[in-house]
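Please read the following walk through a protein model with the coordinates open beside the text. The description goes from the whole chain to a single residue.

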Amino acid sequence: MALAALAATALALGIWSLLSVDTARIGGTGLVEAVPPAFFVAIFLSLTGFVATLNLRRHTPVLLATQVLVLVVILHAADPIVHGLPRLTASYRHLGVADYIASSGQLDTSLDAYFNWPGFFSFLGLLSGATGVGDLMGIATWAPLGMNLLLLAPLLALARRLTSHPRQAWAGVWLFYLASWVGQDYLAPQAYAFLLLVTLVACLLSAFSGWAWPTGSNRFTRFLAHHVTKLDPTVPHQGMSSPPPVDTAILLVISAGLLVAMTASHQLTPFAAIPILTVFLLSGRLRMPSLPILAVVLSSGWLVFVASDFFDGHLTQLFGSFGDVEGHTLGVVTQRVGGSDAHVLVVYTRLAEVAMVWLLAALGAFMAHRRRTAWLTAALGALAPLTLIPGQPYGGELLLRLYLFSLPFAACLAVLTLLPDRPGGPGWRRAFALLVMGSVLASATVVSRYGNDSMEKFTPDEISLVNQLYATAPDGSVLIEVVHDTPWKFQKYADYDYRALLLAEPRPGAGPLSCDPADRIAQQSGAYLIVTTSQKRAADLLETTPPGDIDRFIATCGSSPGWSKLFENAGGVVFHIQGAGNGN
């Protein structure tokens with residue numbers, strides 16, 4: 001009863017703290033600058049409640065679930081509670097893609113890459129049609145919380161297959177949420193595909209665990225079985241008993257359906273499933289060799305045949321840097337360590353948190369091996385996604401995605417450093433160490449997850465400005481954003497020619513902006529240019545332009561011949577640039 005009250009107190013205090021945030025105080029290191037001290041007290045109470053529940057003599061799953069849910073709300077629902085709008089420009093684009101597909105009933109694969117993998121967006125359109133809710137902005141706003149809540153059951157099912165005891169599984173799930181800073185839980189195909197991936201792996205390890213062939217049939221199978229058993233003697237005994245034939249057929253169809261849905265929705269996640277399923281097959285944890293083969297056929301076949309428009313037009317992007325491991329790792333990290341001092345601090349915090357999780361996972365694997373308890377499956381699952389590194393950098397985001405793919409497995413290894421293999425609680429000494437570990441990770445995640453909040457958040461004034469622009473600009477107009485950080489495209493996705501003068505990325509030594517690029521874009525038929533507060537924040541945080549340069553750009557170019565200010569509010573300003581062709 002006392003621990004339930006502690007959870008309720010942590011939840012109430014956490015929500016109150018987030019509701020009282022002054023968004024004007026969010027600076028270069030993000031939300032951590034604006035939350036009151038009570039927010040961290042709420043997190044600490046939540047962590048204390050979970051560790052104390054874990055240490056009870058009697059295993060209490062309902063109370064453990066309650067403690068985890070409280071943590072998820074406090075740590076992963078900050079954006080919707082504080083801002084009340086979707087985060088990231090991609091959220092708004094995804095709404096626009098779903099709206100286009102639902103309203104037109106067409107897939108224009110030449111429009112952009114999204115339409116070559118339409119599964120998630122078609123699902124959103126079906127959801128809108130079935131519920132009668134035409135505006136999915138509210139769903140996009142609360143997607144981070146919703147996605148994390150949906151992940152809880154499959155994460156727990158997966159953790160039970162990776163660990164020896166239920167308390168270790170719960171601790172692994174808890175650690176996942178503490179270290180999940182990547183932020184790929186917004187309304188996005190990758191969040192949907194990640195949910196499908198975790199569900200698929202949990203299903204396969206639960207229902208189809210075991211060797212796919214007689215372990216003594218030939219030299220290769222004997223070699224595999226001998227070394228796997230030597231590394232982890234628990235492997236042959238893990239997993240549930242074989243289901244009846246009818247249930248097996250049903251589960252196989254469900255698993256294949258999950259693979260198809262994943263393949264139709266996201267470019268990268270199906271390829272991450274291939275090495276994961278393969279290492280499980282080779283280590284006696286998956287007795288269905290057809291499933292890794294199906295994953296290869298589906299992902300490759302979709303890319304080459306279904307997404308042929310994208311494939312044919314992006315061969316250099318897809319394969320041009322194949323094998324450049326250094327460029328895909330150190331090169332990408334070096335590019336991200338840039339911008340303002342505050343942004344660099346956030347990047348280093350992320351790197352430190354990743355290093356901490358992986359060091360704990362390695363230590364947990366070593367200790368479990370010494371204790372001859374379950375560890376190999378989790379280790380293989382954590383390492384398998386890294387085989388994608390030689391492929392391509394995935395727009396500079398590959399390492400972020402691979403960390404997320406490996407995290408459910410790495411988290412289950414990390415908790416083995418402190419939790420014993422025997423039934424019962426860990427003891428107060430280990431529980432205290434677990435509390436310290438959780439506190440460090442939670443504090444780091446507040447910075448690493450919300451460190452870019454100043455440029456990832458948007459205001460009602462910015463949305464109003466975009467709506468005014470849509471109401472004014474005729475279909476077919478050219479719309480220009482100065483920095484690629486605008487909450488638009490949530491409607492009229494294909495009705496305009498959207499342009500950006502600058503990407504939101506560090507540009508060391510960048511010179512001042514000139515009016516010429518915008519004038520050249522507008523010289524034939526005219527254009528509309530929008531500058532928002534989020535664009536300014538992104539430019540300052542990442543040092544995309546010199547400090548204050550966008551304000552100078554507005555003052556200088558806004559008074560140039562052919563430029564006229566249409567409207568302005570606290571969220572930004574919109575100009576019309578007259579073209580020479582038709583005066584529009």
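In this predicted model, the protein chain is built from 25 helices and five strands. Taken along the principal axes, the C-alpha atoms of the protein chain fill a box of roughly 80 × 55 × 50 Å.

The contacts and the surface can be taken next. Among contacts in the protein chain with a separation of 6 or more, 76% are accounted for by residues 24 or more positions apart. Of the 584 residues, 56% count as buried, while the protein chain exposes about 23,500 Å², of which carbon and sulfur atoms supply 64%.

Leu376 is found in helix 18, which covers residues 376-383. Is Leu376 buried or exposed? Its relative accessible area is 6%, and because the cut-off for burial is under 20%, Leu376 counts as buried. Leaving aside neighbours within four places in sequence, Leu376 is in contact with Val228, Leu231, Asp232 and Val235. Leu413, for its part, is 37 residues from Leu376 in sequence, and the C-alpha atoms of Leu376 and Leu413 are 9.3 Å apart in space.

Definitions and conventions
Residues are numbered from 1 along each chain as its sequence is written. This is a predicted model: local features need pLDDT of at least 70, side-chain atom pairs count only at pLDDT 80 or more; totals for chains, interfaces and linings use all residues. Side-chain values use heavy atoms; hydrogens and water are left out. Helices (H or I, at least four residues) and strands (E, at least two) are DSSP runs, numbered from the N terminus. Buried means under 20% relative accessible area, exposed over 50%, partly exposed in between (1.4 Å probe, protein chains only). Contact means heavy atoms within 4.5 Å. Accessible areas come from the Shrake-Rupley method with a 1.4 Å probe; for residues, only the protein chains shown count as cover.
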